[in-house]
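Grab a pencil and have a go at these exercises before you peek at the solutions.

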Amino acid sequence: RVHGGKKMQMFVQICQKDMRFTGSPDYKEAIGFMVLKGPPSTIGKEPKTLPRMVSITSKDDILFKSVNEYAASVAESITLPAYDGVYYVVGYMFKPSDDTEFFRINVLPMTTKKDKLTVLAVPRDYAYKISDELKGSKAGGCPNYPTWKNNPQYVVKPLFGGAKISVLMVPGTTKVPLSQIQPTSLAVGVFEDLDNSGRVKDWKQLVCNQPTYAGAQQLVVAVELGEKQYIIMPHSFKPEFQFPFEVYI
C-alpha cells in the first residue's frame, strides 16, 4: 500500500534457491512476477484484511510484468502511483507444474540519496546462519570413510513442538557458473540426537533423505522435525574435498 497520497519507489525481488541438480549452469524453472492495481473495493482497507487476487478485470491494472528468467532471482525497481487502494505483487513460476523450494518475494521501499537508489531495509529469510569450513581433520567425507564423524555437527531443536525446516548449504568457493565448478559434492545430513550428546554415533540416526552429493552451487534439504533434539552435519563426498561454507536454517 502506498501511504501519504504520494507515489513510491519500490524494489521488488522474487527468489528461488533450489539448485539440487547437476550438469547445467542455469536454473531449470523460469520465475517472474507482476504488480497489479487492486480494485476500488480495496480503497481504505488494510492489506492484511484483503483476500488474494484471483482475477484481472482490465489489462490497465497490470502496472508491471517481468520477463520470465531462468535465474536465482528476478528484481526490478518500480514506481507505484499514488492510490488509496492497494497493489498486489504476484510471483509465479512459468508453468503450473514448476515448483521450487525457498521461494520468496521481497517488496522494499527505496529512497533517493545523492542520485542513487538505496534499499531501506533487507529482511533475512533464515533463522540461523552458520559460517564454517570443511578443512583438515574437520573434513571427514561421506560414511564410506571412517572419518565421517569428524565433520562439523550442529545441534538444533524446535522451540515449540515439531517443525519443518529447510537447510541451505552454500560453498564459499563457488562464486562462478556451475559449469566451471569442481565436483565438491555437497551434502547435508540431519540426524536424531538419540542420547542428547550433540554428536552423531551411527549413520542410522539419519532422518532426512540419503544425501545425493551434488556438485552444485548450493544444496537444499527439507525435513520434518519432531519434539526432539537433532544434529545437522554438512559434509562432502570425499575428505579431500575441502572448502569454506555457509549453512542457513
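The exercises below go from the whole chain down to single residues, and the model they use is a predicted one.

**Exercise 1. The overall build**

Work out how many helices and strands the protein has, and how they follow each other along the sequence.

*Solution.* 
- Step 1: Count the elements. You get zero helices and 14 strands.
- Step 2: Read along the sequence. The pattern is β-β-β-β-β-β-β-β-β-β-β-β-β-β.
- Step 3: Look at who touches whom. Take the contacts with a separation of 6 or more: 79% of them come from residues 24 or more positions apart.

**Exercise 2. A serine in a strand**

Decide whether Ser236 is buried or exposed, and find what its side chain reaches.

*Solution.* 
- Step 1: Ser236 lies in strand β13, which covers residues 230–236.
- Step 2: Check its cover. The relative accessible area of Ser236 is 1%, and the cut-off for buried is under 20%, so Ser236 is buried.
- Step 3: Follow the side chain. That of Ser236 gets to the backbone oxygen of Phe241, at 3.0 Å.

**Exercise 3. Salt bridges**

Say how many salt bridges there are, then describe the one between Lys129 and Glu246.

*Solution.* 
- Step 1: Do the count. It comes to four salt bridges.
- Step 2: Pick out the pair. The side chains of Lys129 and Glu246 meet at 3.7 Å, N to O.
- Step 3: Find both partners in the chain. Lys129 is in strand β8 (residues 129–134) and Glu246 is in strand β14 (residues 243–248), so the pair links distant parts of the chain, 117 residues apart.
- Step 4: Check how open they are. Lys129 has a relative accessible area of 43% and is partly exposed; Glu246, at 26%, counts as partly exposed too.

**Exercise 4. Two more pairs**

Which residue forms a salt bridge with Lys138, and which one meets Asp195?

*Solution.* 
- Step 1: Lys138 pairs with Asp132, and their closest N and O atoms are 2.7 Å apart. Lys138 is partly exposed, at 34% relative accessibility.
- Step 2: Asp195 meets Lys201 at 3.0 Å, N to O. Asp195 is partly exposed at 44%, and Lys201 is partly exposed at 43%.

Key. Residues are numbered from 1 along each chain as its sequence is written. This is a predicted model: local features need pLDDT of at least 70, side-chain atom pairs count only at pLDDT 80 or more; totals for chains, interfaces and linings use all residues. Side-chain values use heavy atoms; hydrogens and water are left out. Helices (H or I, at least four residues) and strands (E, at least two) are DSSP runs, numbered from the N terminus. Buried means under 20% relative accessible area, exposed over 50%, partly exposed in between (1.4 Å probe, protein chains only). A polar contact is a pair of N or O atoms within 3.5 Å; within protein, one must be able to donate a hydrogen and the other to accept it, and residues adjacent in sequence count only if both atoms are side-chain atoms. Contact means heavy atoms within 4.5 Å.
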